Amino acid sequence: MTATPRPGTPAAAAAQHRAPGRQPPAPLAPALHRPPSAPAEKDRTDASVSMAVTLEEAPWLGWILVKALMRFAFMVANNLVAISSYICYVIILQPLRLLDSKRFWYIEGIMYKWLLGMVASWGWYAGYTVMEWGDDIKAVSQDEAIMLVNHQATGDVCTLMMCLQDKGLVVAQMMWLMDHIFKYTNFGIVSLIHGDFFIRQGKSHRDQQLLLLKKHLEENYRNRDRKWIVLFPEGGFLRKRRETSQAFAKKNNLPFLTHVTLPRIGATNIILSALVARQENGSPAGGDAKELESKSKGLQWMIDTTIAYPKAEPIDIQTWILGYRKPTVTHVHYSLASGSRGKL
């Protein structure tokens, strides 16, 4: 009698190996190695986790939506009342414009400042605050200046409105240069009355627009007692201009910029040539001392302004109005250049 080894023992394995025509059975897979069902189980787990997170966030998302709708409704009403009131007062004050133009534009400027303060308050209520760095530009609020600002989104304008509210009468005596598309917004009529300039982009319009800008400055800048001009010399948003700017820089051996674009100098040159007082032997040209004192000293300062958003995520006007983004701090840096130091 031959003893048969028990299955699963080393002796049984050796006997099977020796038996002709018999193949050893496939090794049994350990219980831990059963991958076919694992992905399905993992998917079900992830789905349940995602579902739980979604359900937890639902009330918060619902509140954000309700708050955005409430803010939008309030701002529509706010615009209807405030802008129509501004227009009515401007019409009522037209006789004063004929009798005392300087006083009329002073009052109009104060109302204009109130309107811009209204826009700035929308961001403040949503928690969008500003931290300012660099030179103290409030110290030159009584002088004429050109403010050159980088451009990333429509919210840049609202950010500046917030920054400049505490800079004396700067906002009241300010002229903005902006894209012509803003003429057709709810604030367009206010900007037209105030004397802001709408510039049309594109090579085909460039020369004509520069001539119109020069004429506009001659007719509206000092006649309305304007002090500051705000200009976005990049000519558009960073995300739209960056590649073109970098290609131009590479072709012309200029600095390769990532967070800003190369400025376009056409409008800046027109402003400087029209508003900087001409000098003869270090003093303003023409006239005696008393006459010179009564005249404008011309454009005296250039303010290089840089707006920086956290994580390079700019705030657009929709976010500013609806307030669905979490509170954030925008950083604004100023650098002053004075004409008295030969930099203008």
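This is a predicted model: local features need pLDDT of at least 70, side-chain atom pairs count only at pLDDT 80 or more; totals for chains, interfaces and linings use all residues.
Most residues other than glycine have a negative phi. Asparagine 253, however, has a positive phi, near 55°, and with a relative accessibility of 72% this asparagine counts as exposed.

Alanine 312 is a further residue that has a positive phi, of about 55°, although it is not a glycine. The place of alanine 312 is the loop between strand 8 and helix 11, the latter running over residues 317-322. Alanine 312 counts as exposed because its relative accessibility of 54% is over the 50% cut-off.

## The buried side of helix 9

Helix 9 spans residues 266-275, and its buried residues are Ala267, Thr268, Ile270, Ile271, Leu272 and Leu275. These buried residues pack against strand 2, strand 3 (174-179), helix 7 (203-220), strand 5 (228-231) and strand 8 (299-308).

## How helix 4 meets helix 5

Two packed helices are described by the angle between their axes and the distance between the axes. For helix 4 (residues 101-126) and helix 5 (residues 155-163), the angle is about 105° and the axes are 8 Å apart, which means that helix 4 is roughly perpendicular to helix 5.

On the side of helix 4, the residues in this contact are Leu116, Val119, Ala120, Gly123 and Trp124, and they meet Cys158, Met161 and Met162 of helix 5. Sorted by class, the contact of helix 4 with helix 5 has 7 nonpolar residues, 1 polar residue and no charged residues.

## Serine 141 in its loop

Serine 141 sits in the loop between strand 1, residues 128-134, and strand 2, residues 144-149. Is this serine buried or exposed? Serine 141 counts as buried, because its relative accessibility of 8% falls under the 20% cut-off.

The side chain of serine 141 reaches the backbone oxygen of lysine 138 at 3.0 Å. When residues up to four places away in sequence are not counted, serine 141 touches Lys167, Val170 and Trp228.

## Cysteines

How many disulfides does the structure hold? The number is 0. Cysteine 88 has a relative accessible area of 43% and is therefore partly exposed, whereas cysteine 163, with a relative accessible area of 2%, is buried.

Methods:
Residues are numbered from 1 along each chain as its sequence is written. Side-chain values use heavy atoms; hydrogens and water are left out. Helices (H or I, at least four residues) and strands (E, at least two) are DSSP runs, numbered from the N terminus. Buried means under 20% relative accessible area, exposed over 50%, partly exposed in between (1.4 Å probe, protein chains only). A polar contact is a pair of N or O atoms within 3.5 Å; within protein, one must be able to donate a hydrogen and the other to accept it, and residues adjacent in sequence count only if both atoms are side-chain atoms. Contact means heavy atoms within 4.5 Å. A disulfide is a pair of cysteine sulfur atoms within 2.5 Å. Axes are lines fitted to C-alpha atoms, for helices over the stretch in contact, and angles run from 0 to 180 degrees between N-to-C directions. Angles under 35 degrees count as roughly parallel, over 145 as roughly antiparallel, 65 to 115 as roughly perpendicular and the rest as oblique. Ala, Val, Leu, Ile, Met, Phe, Trp, Tyr, Cys and Pro count as nonpolar, Asp, Glu, Lys and Arg as charged, and the others, Gly among them, as polar.
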